[in-house]
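Please keep the sequence and the model at hand while reading.

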Amino acid sequence: MNGKRQREPISDTMLLMSITIGIFVVMYALAMIILGGGFRKPQMLFDMLNDNAFLLIIACSLTIVMITGSIDISVGSVTALVTMVGVMILNGGLPLFENIRLKIGAGEHFRIFMAVIAALVIGLLYGLVQGYLIAYLQIQPFIITLAGLFFGRGMITIISVDPQKAPQDLMDILQTRINIPFLGSPNKKGVMIPAHIEIGVVIALVLVVLVFVLLRYFKLGRSFYAVGGNQQSALMLGVNVRRTRFLAHLLSSLLAGVAGLVFMMHVGAGNATNANASEMNAIASSIIGGTLLTGGVGNVIGTFFGVLTLTTIKAIVVTSGLRDPWWQSITTGVMLCFFIILQSIVLSRRGRGGFRLPQWLK
Amino acid sequence: MAKKLSNYSQLLIPLIAILLLILFNLIRDPEFFSVGIAANNNGFPVLQGNLISILNGASELVILSMGMTLVTAASGGQDISVGALAAIAGSVFVKVLKSGSSINGGTVIAGFILCCIVAMIFGSANGTLVACFKIQPMIATLILFTCGRSIAYWINGGATPTLESPIITAIGSFIPGIPVPTPILIVIVTGIVFALVFRFTNLGLYVQTVGINQGAARLNGINHIWIKLLAFIILGACCSVAGMINVCRLSLINHETILINIEMDAILAVAIGGNSLGGGKFRMIGSVLGAYAIQMLTITLYAMKVSSTDVKAYKAIVIIILVVMGSPVVKEAVGNFWNKRIKRNHAAVGKGAES
């Protein structure tokens with residue numbers, strides 16, 4: 001900027017993100033002090049990551065799509081579909097029609113390789129079809145991705161109504177734990193147990209960094225923001241709006257395919273109810289992380305902390321003794337309400353230069 | 001003439017869908033739509049047949065899609081919490097009925113009024129978030145979507161109570177002596193209420209004005225906050241009616257499965273009905289036709305021996321075909337094609353006249 005650094009006012013994206021990070025840190029610190037127990041062990045944090053690596057990835061894909069001003073609610077069902085197909089492939093075959101089975105060769109590594117390929121192909125196909133329909137035929141993204149959601153869930157039961165379990169020897173390879181040497185905690189006998197994460201977490205973190213770099217430093221990432229902020233002015237700036245929206249959906253479905261792979265590595269079984277309603281969790285974490293559904297505002301680092309905040313809330317509810325099954329989602333709802341209202345107030349305060357109560361509260 | 005036709009052009013897609021489904025069914029099985037009269041368990045003659053089960057089964061969806069149309073038009077977004085809200089309303093209804101010693105007409109009316117009030121309160125909470133805090137409707141209702149079914153579970157203390165009473169059966173299936181299923185009658189009554197409201201008040205006009213341009217509506221003296229709030233409150237009332245019908249139909253409440261995924265179907269009905277999901281102009285009859293088209297598709301698939309879990313995949317394919325047909329790009333292409341043909345014809349006629 002004119003060769004010299006000017007002090008810029010903090011952007012909406014940064015402001016919302018820093019609020020989320022602040023709240024997460026405060027909440028986790030309070031949980032450590034008040035609830036103690038599991039929260040003082042580093043493994044607690046790593047377990048949250050282990051359980052929610054797939055959620056992290058689909059939250060990233062939703063962040064991309066939401067920044068572009070669109071929505072994708074098919075990611076959860078893509079995740080579940082990929083999990084089911086992957087498990088079937090690991091088991092050695094995929095039923096195509098009534099009696100025809102697609103046989104996959106015997107080699108273990110070959111099967112894993114084929115599962116990865118299948119995941120990417122499913123994600124790619126989903127992205128191509130949805131992206132084309134949304135970007136080039138200009139159909140409302142909600143409806144198309146809703147149809148995608150129905151299709152995915154239906155296909156799972158067409159492939160197999162019963163839950164399928166992957167062979168144990170392959171799962172042992174896939175569920176390899178990566179130990180982290182210094183962050184262990186002693187168990188009851190006083191033996192140090194090193195903290196561990198799964199491969200899926202590494203994949204998820206790498207993807208978060210990649211998406212961050214894409215959104216921040218690449219032309220494509222910047223045009224996502226431009227299209228989401230205002231399609232008309234993006235068009236006038238020479239951004240290919242249609243192609244940008246197409247690529248956003250392609251990327252989102254591809255990431256959802258990878259998320260399915262990560263989910264399969266974590267649970268090792270295909271089931272019709274896998275990753276149920278996870279698209280809504282992903283949307284919620286993106287919102288908590290400061291992404292706006294209207295587009296043009298958002299950051300994938302915020303989404304990362306959004307996922308952590310959401311899972312921390314659930315962990316706090318479970319550890320604080322509210323054992324009845326309904327409390328978990330009621331508290332999640334209340335916290336979501338708090339975050340959403342906070343964001344709305346902060347943004348409206350910035351817009352008007354002063355905090356104002358809504359008219360009916362005066 | 002052309003202007004009048006274009007007014008109704010948005011109804012084309014649901015009508016084509018219904019016509020195609022009817023044709024398909026008639027080719028597959030000419031007896032598909034035959035309606036007969038048979039005695040039910042209580043010995044009363046009642047109407048039976050696939051057509052009746054389509055009309056009957058779509059009742060909840062039709063009522064919800066009516067409310068959803070208003071919310072979509074006023075706020076330019078969708079309420080994804082209608083299923084959860086219907087679950088809450090149903091739970092309150094059951095709770096009131098169970099708290100009395102016996103189920104009679106008084107408790108049923110009291111239960112309905114109370115569940116209506118509760119649903120309207122939740123609806124106005126959604127509406128407050130949307131109208132006053134200016135949050136996008138989908139996100140504002142995501143809150144209730146997340147915790148609604150748990151609240152329903154909590155109201156009934158973690159149980160799934162059943163209801164046994166002739167009054168409940170009368171609301172859920174048939175009133176003795178009337179051969180038409182009661183849910184269809186409730187839908188007709190709701191439709192008449194909406195029609196009267198639109199006929200004698202300015203609600204429809206105001207909702208469209210707010211949806212098209214909020215600023216302009218405000219300058220014209222329309223309180224856009226109140227209009228949006230009202231739309232959500234009306235949707236809340238619709239949810240309570242739908243929840244009550246479903247509870248009476250099944251004679252039990254299960255917070256997990258009651259009207260599951262109906263929010264998606266309701267939004268779909270609004271979209272298939274040719275209403276813009278971005279708000280503004282709306283036509284409620286389109287949503288109603290859309291809802292019946294969805295239910296007809298489901299029943300057709302069931303009749304083809306598709307299992308209830310697989311239906312979703314086939315539904316998705318039909319939905320995609322429908323919305324591709326209705327997409328602006330395809331419409332424009334088809335329109336251009338027709339215009340060219342008409343021009344060519346005109347040109348040919350002109351030449352003929354010259355020579």
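Does B:Arg249 count as buried, partly exposed or exposed, and at what relative accessibility? B:Arg249 counts as partly exposed, at 27% relative accessibility; buried means under 20% relative accessible area, exposed over 50%, and partly exposed in between (1.4 Å probe, protein chains only).

The model is predicted: local features need pLDDT of at least 70, side-chain atom pairs count only at pLDDT 80 or more, and totals for chains, interfaces and linings use all residues. Residues are numbered from 1 along each chain as its sequence is written, chains are lettered from A and ligands numbered from 1 in the order in which they are written, and side-chain values use heavy atoms, with hydrogens and water left out.

**Salt bridges**

- Over all chains, the structure holds 2 salt bridges, each defined as a side-chain nitrogen of Lys or Arg within 4 Å of a carboxyl oxygen of Asp or Glu.
- In one of them, B:Arg249 pairs with B:Glu60, and the closest N and O atoms are 3.0 Å apart.
- This pair links distant parts of the chain, with B:Arg249 in helix H12 of chain B and B:Glu60 in helix H4 of chain B, 189 residues apart.
- B:Glu60 counts as buried, at 3% relative accessibility.
- A salt bridge also joins the side chains of B:Asp265 and B:Lys315 (3.4 Å, N to O).
- B:Asp265 lies in helix H13 (residues 262–272) of chain B and B:Lys315 in helix H15 (residues 311–326) of chain B, so the pair ties together parts that are 50 residues apart in sequence.
- B:Asp265 counts as buried at 14% relative accessibility, and B:Lys315 counts as buried at 10%.

**Chain A**

- The secondary structure of chain A comprises 13 helices and 6 strands; helices (H or I, at least four residues) and strands (E, at least two) are DSSP runs, numbered from the N terminus.
- Chain A has 362 residues, of which 52% count as buried.
- A:Ser77, in helix H3 (residues 75–90) of chain A, is buried, with a relative accessible area of 0%.
- Beyond its neighbours within four places in sequence, A:Ser77 is in contact (heavy atoms within 4.5 Å) with residues including A:Tyr126, A:Arg153 and A:Glu279.

**Helix H3 of chain B**

- Helix H3 (residues 50–57) of chain B has B:Ile52, B:Ile54 and B:Asn56 as its buried residues.
- Those buried residues pack against elements of chain B including strand S2 (45–48), helix H4 (59–75) and helix H12 (224–250).
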